[in-house]
Amino acid sequence: ESGLAQVYEALGRPAEALQHYKAFYQLDTMIANRSDRQQLMRFEAKFQNEQQALEIARQKSRQRFLMVLLAGLLLLVLIVIAAYITQRKARAKLARQNAIIEQQAAELKELDIAKSRLFANISHELRTPLTLMLGPASSLAKRLPPDSSEQSFLDMIKANGEQLLRRVNEILDLSKLDAGQLEVTEEAVQVPDVLRRQIGLFESYAYQQGIALKYEDRLPAGLSLAADEDKLCKIVGNLLSNAIKFTPPDGSVELLSERRGESLAIEVSDSGRGIPPKDLAHIFERFYQSKHTQTPLEGGTGIGLAFCKELANALGGDIEARSTLGTGSTFTLLLPYREMQAPAEAEVSTQEVQPGAAEGSQPITLQQSPTEDKKQRGRILVVEDNIELQRYIAHVLAPYHSVQGAANGQEALHWLQDNGPDAVDLILSDVMMPAMDGFTLLQRVKADEQLKRLPVIMLTALAQQESRLKALRIGVDDYLLKPFQEEELLARVDSLLKNYRIRTAASKEEADLSNAKAAGQLAKEENANFVSEDRQDAGEEWLQQLEAKTLSHISNTNFTMDDLAEEMHMSRRQFYRAVKANTGLTPNQYTLEVRFQQARQLLEQKRFSNVKRVAYEVGFKDTRYFSQQYKKRFGRLPSGYL
């Protein structure tokens, strides 16, 4: 409108004409557009209808979407609920399974304890008759001429009894393997020398069977390898024994040692009948017996090869077997190949085990043979539930001592209470007995003020429970493993009786000194150095401390009794009298006793393969002197353990 006004003004037309024009323009526009407006209205109506239809469609779509969304949410909720329920069920099932597993673990633990107890009981039941076989056989063998037929029969009894004892020890070693208690002690071993000794043990057996026994060594000369010699000998001995057993006359058995990569390979081959393929996969399983119908029945326990396999695994190695039926078999022991320098032979002196200047200058003798002094007969209470074994022990001791028997610990305790501590000098007790076992008897005796000083020897077949005998202090009490030798029993009894008499005399001397002190008859310097009976009777804790100090310096040749007294925070005089009162031994004698007890432990555990190493470990330079003194103390040569 503003533009038209400008145009009309430019054309010189009056403003009134513009108004008329506008009016006509509007009218014309209204008339012209009336039809368009109607059409537009129709379009608008149609558009609105379409819009409504579209909105309806959108609403339906939204409704469908909402329904699908709600359905999805509902499904998701259901899935979550189902998953939660499933998880709860799974947790409940897992809890039940865990409870079952825990129950099974507890049952297995109880079963393992029961199995260990069964092995211990079997060991006890076997070792007791073995004692009654080997003991009398050895006794009779000494009384018969060496070339008599009876002597050969006795040798046969001894050999087979010792073989049975080895089988018992294998069963016990298997139980130790199961319990993880079998100790592996590595040392520098010249493997060829060990294998030659093993070959030598079987030469006579192989010769009698008409079998050629050969050994080929491919290892460097003079080389020492890290190995547990005792367990190595058990494995190789078992393999050689089996090879000879299953090889026919005119056959051969060969032993080979060589290095294969990072392993030491020891191979035992035979020309026997071989092993059926079905049996070859199971020969290392315990108690497995061949199911091959053509295999002859030859006995056996089925534990030999299983024992070898588990020993090899304990040593960090393995055993492999190859066999061709009708041709022969080959067993290969593979162990880690680790070189080890053999320890130098230390210059250890026996000077410490000689009495000092205040005690004389002659070598001491801890015990004397029973035949040297029959007048000092000891009164011994033998507590043993096996009547035959009780009679055998009494038969061995009767020529030298007075013997009283008791069937169990309870009966022995009643006898002691009725007769008093002065009626007996020593108690020799079995461990496993009805009514009251030996450990309970020991505890009751040591808890009694009148009986606690009586020496006690525990006679036991429980070789694997030696740790429970730590309550038996060095120089005071002892233990003896079944089967035992007569000389061994007599030596143990004689040694403890002698110590008991010395200890009793020392206690009497201290009591006299105590009375003298109370009466004021001792000088001040004596009073200052006097050790009261309470201090001397320091008990188990003091003796354990003394033993620990002594063991910590057992190989130190420069460690003297004065040093030991200083470590115990006592003067030399106090220390001497305290040791004498509590153990019945002088400090030097006590040190020697500690060495012997430590040596016995090393020998019984077979920590070393020769007596020389054991002697060095406990402070002896002269192996022969050590063996002689050891036999005097325990009635058995150290080599007998090996």
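User: What makes the nonpolar surface patch of about 750 Å²?

Analyst: Leu 74, Leu 75, Val 77, Leu 78, Ile 79, Ile 81, Tyr 84 and Ile 85 make the patch. Patch residues have over 30% relative accessible area and no salt bridge; like charges are joined within 9 Å, and nonpolar side chains (Val, Leu, Ile, Met, Phe, Trp, Tyr) within 5 Å. A salt bridge is a side-chain nitrogen of Lys or Arg within 4 Å of a carboxyl oxygen of Asp or Glu. Areas come from the Shrake-Rupley method with a 1.4 Å probe, and for residues only the protein chains shown count as cover.

A word on the source: this is a predicted model, where local features need pLDDT of at least 70 and side-chain atom pairs count only at pLDDT 80 or more, while totals for chains, interfaces and linings use all residues. Residues are numbered from 1 along each chain as its sequence is written, and side-chain values use heavy atoms, leaving out hydrogens and water.

User: Why is Tyr 84 called partly exposed?

Analyst: Buried means under 20% relative accessible area, exposed over 50%, and partly exposed in between (1.4 Å probe, protein chains only). Tyr 84 has 48% relative accessibility, so it counts as partly exposed. Tyr 84 lies in helix α2, residues 15-143. Helices (H or I, at least four residues) and strands (E, at least two) are DSSP runs, numbered from the N terminus.

User: What makes β9 and β12 edge strands?

Analyst: The open sheet has five strands in the order β9-β8-β10-β11-β12, paired in parallel. β9 (402-406) and β12 (478-481) each have a single partner strand, so one side of each lacks a neighbour in the sheet. From one strand to the next, the twist averages 20°.

User: How do you know that β8 and β10 pair?

Analyst: Two strands pair if DSSP finds at least two bridges between them. Strand β8 (residues 379-383) and strand β10 (residues 426-430) have four bridges in the parallel sense, so they meet that definition.

User: How many of the 642 residues are called buried?

Analyst: Buried residues make up 40% of them. The protein has 19 helices and twelve strands.

Definitions and conventions: Axes are lines fitted to C-alpha atoms, for helices over the stretch in contact, and angles run from 0 to 180 degrees between N-to-C directions.
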